[in-house]
Amino acid sequence: MVEFEDKDNLSDALLRDVESSSSDSHASVKRTGTVWTAIAHIITGVIGSGVLSLAWSVAQLGWIAGPLSMVVFAIITIISSNILCDCYRYPHPEVGHIRNKSYAEAVGSYLGKKCMWVIGIFLHESYFGFGIAYTITSAVSMRAILKSNCYHKEGHDAPCEYGDSLFILLFGAVQLVFSQIPDFHNMEALSIIAAVMSFAYTFIGLGLGVANVIGNGHFKGDIHGVTASSAIQKLWLSSQAFGDIAFSYNYNIILLNIQDTLKGPPEENKTMKRASSTAILITSFFFLCCGCFGYAAFGDEAPGNLLTGFGFYEPYWLVDLANVCIVLHLVGGYQIYSQPLFAAAEAEVGRKYPDSGFVHKEYTVKLPLVPCFKLNLLRLCFRSVYVAATTGLALLFPYFNQVLGVLGALNFWPLVIYFPVEMYLVQNKVRAWTGIWILLQAFKIFCLLCTIFTFIGSVEGLISNKLE
């Protein structure tokens, strides 16, 4: 178990970060969030590109292991998120005087500086990875709109092929604009719109799957899933499927950022637990429905992306509408996962250069037909480079399922299992070799083995697709 370091032993930089951001009297932040805005933020973060791959994931695992895996990941996510909700305040979950506005700050408060640096690496890699995945997904959806119209006009066997590069660049250009949103507290409207869009395309995908099952007159698929060319190939595909499911549920990295938007009373941890549990139950229902009805509709032919793999051709206008909703949702989803990274990087630069006008000065800009807005040169330059980097890597690795699998496997154990459990042990002063301690250690080891298995298979799939 990680030994707890007292707050007084943290570096001066960490103390400034935690204490300045945690004071209840911090006047620059006005917290107005409610359980409903928190649910909107969570749904925007959870129902993303991952839901579209679940029919493919169930197809690889079969009728028993596929749905069961989604239920298990949902339970693990609820447990882990409830633990994190109690870490928002330090040292007490309800009356602690220090607010931890991010996952890294919570780890720093409860586990010390070294652990904070380790978790920072995983968090920033995860934020960056979500940006790449969402860029790829949006491009695939934009391309699917053209393909849908082409198939409708030319027939389902027409060579309707379009590249991804132009659409990846187009999504990147849109994010250059939205990345100038100052911070998480200014994203309520965007998150609500994105959440509505996510429900829209999920309902459409579910409805098309149900209609297809009714049209077929029976459920396709079996308990073993897709038959692969060899046992090792089946193993790799199954591991990628587990990674896709893990990716679908992984929103813990933004949980404390969302919790920091909540007003009180009641206590923030109570509101956030309610919002988190409600949102996970809602999304799990949709995940199960989309994954299972997608597999029932297509069986072994289930596409990697339910709404862009062209199991569905008609009604083409409904497929188009679903993909428009996906793109609109991912505009908000990209920002949900990018804003915490922006905040951390810009705060660090601001501490190092407290007197720099480039870093701190804001300019009021007024353009025709656009409300006036604040422009900061550091924000403009850093965030533009960040968007360019995610866009460039999306151009290099435009492989939907494999990218999701790698990201899900890489981040699941440290972010969802290890650090939340360690903070729980410290917060509740659980002694070594007690019953709960042994149970939690066994749980961590089991999840670690599953994560290693999933990561190896997903990397194999990514490399294989790149070399083809």
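In this predicted model, residues 24 or more positions apart account for 82% of the contacts with a separation of 6 or more. The secondary structure comes to 15 helices and four strands. Of the 468 residues, 56% count as buried. The protein exposes about 19800 Å², and carbon and sulfur atoms supply 68% of that area.

Helix α7, residues 188–216, packs against helix α10, residues 268–298, at an angle of about 35°, and the two axes lie 8 Å apart. The crossing of α7 and α10 is left-handed. On the α7 side the contact is made by F199, T202, F203, L206, G209, V210, N212, V213 and N216. Helix α10 contributes I282, F286, C289, C290, F293, A296, A297 and F298. Sorted by class, the contact of α7 with α10 has 13 nonpolar and four polar residues, and no charged ones.

Two single positions show how parts of the chain meet. S138 is found in helix α5, which spans residues 113–154. Is S138 buried or exposed? S138 counts as buried because its relative accessibility is 0%, and the cut-off for burial is under 20%. Leaving aside neighbours within four places in sequence, S138 is in contact with F171, V327 and L330.

I181 is placed in the loop between α6 (165–178) and α7. With a relative accessible area of 16%, I181 is also under the 20% cut-off and therefore counts as buried. Beyond four places in sequence, the contacts of I181 are with N186, M187, L190, Q339 and R383. I181 can also be related to F373: 192 residues separate the two along the chain, while their C-alpha atoms are 9.5 Å apart.

The last point is confidence. The mean pLDDT of the protein is 82, and 89% of its residues reach 70 or more. Which stretch stays under 50? Residues 1–27 do, and the model has 55 contacts beyond four places in sequence for that stretch. Where pLDDT is low, the predicted coordinates should not be read in detail. The contacts listed for residues 1–27, where pLDDT stays under 50, are to be read with that in mind.

Terms used
Residues numbered from 1 in each chain as written. Predicted model: local features only at pLDDT ≥ 70, side-chain atom pairs only at ≥ 80, totals over all residues. Heavy atoms only, no water. Helix = DSSP H or I, 4+ residues; strand = E, 2+ residues; numbered from the N terminus. Buried < 20%, exposed > 50% of the residue type's maximum accessible area, 1.4 Å probe, protein only. Contact = heavy atoms within 4.5 Å. Areas by Shrake-Rupley, 256 points an atom, 1.4 Å probe, with all protein chains shown as cover. Axes fitted to C-alpha atoms, helices over the stretch in contact; angles between N-to-C directions. Left-handed = near helix turned anticlockwise from the far one by under 90°. Nonpolar A, V, L, I, M, F, W, Y, C, P; charged D, E, K, R; others polar. pLDDT = per-residue confidence, 0-100.
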